[in-house]
Amino acid sequence: MRKSMWLYDVVTFIVKWLLKPLFWTKTTGLENENVEGPVIYCLNHISNWDPVIVACETKKTINFMAKKELFEVPVIKHVVAALGVFPIDRQGNDLATLKSTINGLKEGRRICIFPQGTRHPGIDPRTTEVKGGTAMLARHSKATVVPIGVYTKDYKVRIFRRVYVNIGKPKTFEELGFTGARDDYDRITGEIFNEICNLCESAKENVNAKKCK
């Protein structure tokens, strides 16, 4: 996966400039990416554009998960694999992929995960359910978690509409506060997602404040 990262840099550079006229993206908190070791980028999911936008707006190389069905499409499967994307079973039954993800994190990779599990366009993220996978991956890899709030009007991504990518402060493995309790995964993932919602709401408040001036 490391050998193909030059392609990742080239593709994200080209895509960023192609999308620039279509999505007016504003990103804050890039300094929060400056952490060493394994990192989990954790964000809300409002459209299929989320991973593309985040890949183009962040400065670090991120390995994204994608539904395993994508790897059954000729040509496309080779392209996404070359970009560092790896398959995941949406039903959560792919133990091999899970182990591969944890091993990748232990090697110092950065991955992106959506705690909601699927897209929720047009819905306030606070009203959606989240799964405990983020905390589980962090627990087994001792990764740092970087929360990211992706916000746009009505949580619906549209061309020519501003998209805000708000990168929050990283939480180290120690700061996540694992206790060994049975509810650790759900509790900690919930706390992380609460921060993501705060980042979205902060962007929304800034937008509304500017309109009132």
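Two strands count as paired if DSSP finds at least two bridges between them. Strand S3 (residues 63–67) and strand S5 (residues 110–113) are joined by two bridges and run parallel. Phenylalanine 64 has cysteine 112 in S5 as its bridge partner. The model discussed here is predicted.

## The sheet

Seven strands make up an open sheet. Their order is S1-S7-S6-S2-S5-S3-S4, and the pairing is mixed. S1 and strand S4 (86–88) stand at the edges with a single partner strand each, so one side of each has no neighbour in the sheet. On average, neighbouring strands are turned by 25° against each other, direction ignored.

Strand S7 covers residues 163–167. Strand S1 (residues 25–28) pairs with S7 in the parallel sense, over four bridges. Strand S6 (residues 144–151) pairs with S7 in the antiparallel sense, also over four bridges. Asparagine 166 takes part in both pairings: this S7 residue is the bridge partner of threonine 28, and glycine 149 stands opposite asparagine 166.

S7 is mostly covered, with five of its five residues buried. Val163, Val165 and Ile167 point one way from the strand. Tyr164 and Asn166 point the other way.

The model has five aromatic pairs. One of them joins tyrosine 151 and tyrosine 164, with ring centres 6.2 Å apart and 35° between the planes. That pair is tilted. Tyrosine 151 lies in strand S6 and tyrosine 164 in strand S7, so the contact ties together parts that are 13 residues apart in sequence. Ring pairs link Tyr151, Tyr155 and Tyr164 into a cluster.

The loop between S6 and S7 holds aspartate 154. The phi angle of aspartate 154 is near 60°, a positive value in a residue other than glycine. Aspartate 154 is partly exposed at 47% relative accessibility. Phenylalanine 160 sits in the loop between S6 and S7 too. Phenylalanine 160 is partly exposed, with a relative accessible area of 47%. Its C-alpha lies 10.0 Å from that of leucine 19, although phenylalanine 160 and leucine 19 are 141 residues apart in sequence.

Lysine 142 is placed in the loop between helix H5 (133–141) and S6. Here, too, phi is near 60°, a positive value for a residue that is not glycine. Lysine 142 is exposed, at 52% relative accessible area.

Helix H2 (residues 50–57) is largely enclosed by the rest of the structure, because six of its eight residues are buried. The buried residues are Asp50, Ile53, Val54, Ala55, Cys56 and Glu57.

A nonpolar surface patch of about 710 Å² is made by Trp6, Val10, Phe13, Ile14, Trp17 and Leu18. Isoleucine 14 belongs to helix H1 (residues 5–19). The relative accessibility of isoleucine 14 is 46%, so this residue counts as partly exposed.

## Salt bridges

Side chains of opposite charge can pair when their charged atoms come close. The model has four salt bridges. Three of these contacts are tabulated here.

| Residues | N to O distance |
|---|---|
| Glutamate 107 and arginine 109 | 3.4 Å |
| Arginine 126 and glutamate 201 | 2.6 Å |
| Arginine 187 and glutamate 191 | 3.3 Å |

Arginine 126 lies in the loop between S5 and H5, and glutamate 201 lies in helix H7 (residues 184–212), so their pair ties together parts that are 75 residues apart in sequence. Both ends are partly exposed: arginine 126 has a relative accessible area of 37%, and glutamate 201 has 25%.

Arginine 187 and glutamate 191 both lie in helix H7. They are four residues apart, about one turn of the helix. Arginine 187 is partly exposed at 28% relative accessibility, and glutamate 191 is partly exposed at 41%. Asp184, Arg187 and Glu191 are linked in a network of salt bridges.

The remaining tabulated pair joins unlike surroundings. Glutamate 107 is exposed at 53% relative accessibility, whereas arginine 109 is buried, with a relative accessible area of 16%.

Methods:
Residues numbered from 1 in each chain as written. Predicted model: local features only at pLDDT ≥ 70, side-chain atom pairs only at ≥ 80, totals over all residues. Heavy atoms only, no water. Buried < 20%, exposed > 50% of the residue type's maximum accessible area, 1.4 Å probe, protein only. Axes fitted to C-alpha atoms, helices over the stretch in contact; angles between N-to-C directions. Patch = residues over 30% accessible without salt bridge, like charges linked within 9 Å, V, L, I, M, F, W, Y side chains within 5 Å. Areas by Shrake-Rupley, 256 points an atom, 1.4 Å probe, with all protein chains shown as cover. Salt bridge = Lys/Arg side-chain N within 4 Å of Asp/Glu carboxyl O. Phe/Tyr/Trp six-rings, centres within 6.5 Å; stacked < 30°, edge-to-face > 60°.
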